[in-house]
Amino acid sequence: MPAQEGHTPPLVSFLAGGVAGGVEALATFPMEFAKTRVQLRTQSGRSSSKNPFVVVARVFRNEGVRAMYKGCSTLVVGSIAKDGVRFLSFDAIKKAFADPDTGAMSPLRNLLAGMCTGVVASTFAVTPTERIKTALIDDARHAKRFRSSLHAVRVIYQEHGIVGMYHGYAGTTLKQAGATAFRMGTYNILKDLEQSHDIEQNTAINFANGAIAGIITTYATQPFDTIKTRSQSAKGATTMDAFRGILADDGVKGLWRGTTMRLGRTVFSGGILFTVYEQVAATLNPVLR
């Protein structure tokens, strides 16, 4: 993956990606919580405050600090699986997209490899865990039916079957395909450019590259994220129902609700994710090669 020159063993990619994903999710969850709350409707069908900082303050005042971490464990577990799968599959997919003669990756090839990786990650890890996380955050506002992540899984499965775990699959997959294409693609493009100019890779450079990738990813994929969140509320909705609901509530601009807090999260998460990945991969490579 983006880490070291030469081949990174699949096990290293998976373990380093999983550790990086868990650290990133835990560190940035309050911003994810605020973004999700902003994107959800109230019971009356009208949207709540559009200011994520107001949302956080209100939740803290009315529900306490524990409410701000509702769904955190699900996101952390999901991020470990998601980023383990993402980094592992990106390495494998990248080989298929590499130039057959030179083995080089053009910017377009990097983006296409990232897009395919996003589809794989959405199918095997992201959609089910995002569904549970979003349902927990939504449920905590009103019904309070779910006692824990496992209880939410049982209730959703009993009421909707396995299909219930994949509400919002289309929106999530579109978001993941776009997000992974831009995040992985941008990071690798920047890294290749720096290496071609003999710029030494270090923690600061890794973090900056990840942060830039996060900014580009946020603005390019925010509509998919907003649709996904609506689809994966406690009651669930189809992708088209969620899309129509957003337009009815806020018009086209509603597709970019939560951008401020998601931007804050993706800048930090991109920096954290790639920095931790590079460090863990560098530690594991000599041991597991």
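These legends describe close-up views of a predicted model.

**View 1. Helix H1 crosses helix H7.**
Helix H1 covers residues 10-39, and helix H7 covers residues 203-231. Their axes come within 9 Å. The crossing angle is roughly 75 degrees, which means that H1 is roughly perpendicular to H7. On the H1 side, the residues in contact are Lys-35, Thr-36 and Gln-39. On the H7 side, they are Gln-222, Asp-225, Thr-226, Thr-229 and Arg-230. Sorted by class, this contact has five polar and three charged residues. It has no nonpolar residues.

**View 2. The largest nonpolar core has 18 residues.**
Phe-87, Phe-274 and Tyr-277 have the most contacts inside this core. Four helices each supply at least two of its residues: H1, H3 (72-97), H6 (169-196) and H9 (259-288). Helix H9 gives the most, with seven residues.

**View 3. Another core, of 13 residues, lies apart from the largest one.**
Its members include Ala-25, Phe-33, Met-68 and Val-76.

**View 4. Lys-175 is a buried lysine in helix H6.**
Lys-175 sits in helix H6. Its relative accessible area is 11%, so Lys-175 falls under the 20% limit for buried residues. Beyond its neighbours up to four places away in sequence, Lys-175 touches Thr-221, Phe-224, Asp-225, Lys-228 and Arg-262. One of these, Asp-225, also belongs to the H7 side of the contact with H1. Lys-175 and Asn-202 are 27 residues apart in sequence. In space, their C-alpha atoms are 30 Å apart.

**View 5. Thr-172 is buried in helix H6.**
Thr-172 is also found in helix H6. It counts as buried because its relative accessibility is 0%. Leaving aside neighbours within four places in sequence, Thr-172 is in contact with Ser-122, Val-126, Thr-127, Lys-228 and Gln-232. Lys-228 is also among the residues that Lys-175 touches. Thr-172 and Tyr-277 are 105 residues apart in sequence. Their C-alpha atoms are 24 Å apart in space.

**View 6. Asp-198 has a positive phi.**
Phi of Asp-198 is near 55 degrees. Most residues other than glycine have a negative phi. Asp-198 is found in the loop between H6 and H7. Its relative accessibility is 72%, so Asp-198 counts as exposed.

Pro-9 lies in the segment before H1. With 11% relative accessibility, Pro-9 counts as buried.

Note on methods: Residues are numbered from 1 along each chain as its sequence is written. This is a predicted model: local features need pLDDT of at least 70, side-chain atom pairs count only at pLDDT 80 or more; totals for chains, interfaces and linings use all residues. Side-chain values use heavy atoms; hydrogens and water are left out. Axes are lines fitted to C-alpha atoms, for helices over the stretch in contact, and angles run from 0 to 180 degrees between N-to-C directions. Angles under 35 degrees count as roughly parallel, over 145 as roughly antiparallel, 65 to 115 as roughly perpendicular and the rest as oblique. Contact means heavy atoms within 4.5 Å. Ala, Val, Leu, Ile, Met, Phe, Trp, Tyr, Cys and Pro count as nonpolar, Asp, Glu, Lys and Arg as charged, and the others, Gly among them, as polar. A nonpolar core is a set of buried Ala, Val, Leu, Ile, Met, Phe, Trp, Tyr and Cys residues joined through side-chain atoms within 4.5 Å. Buried means under 20% relative accessible area, exposed over 50%, partly exposed in between (1.4 Å probe, protein chains only).
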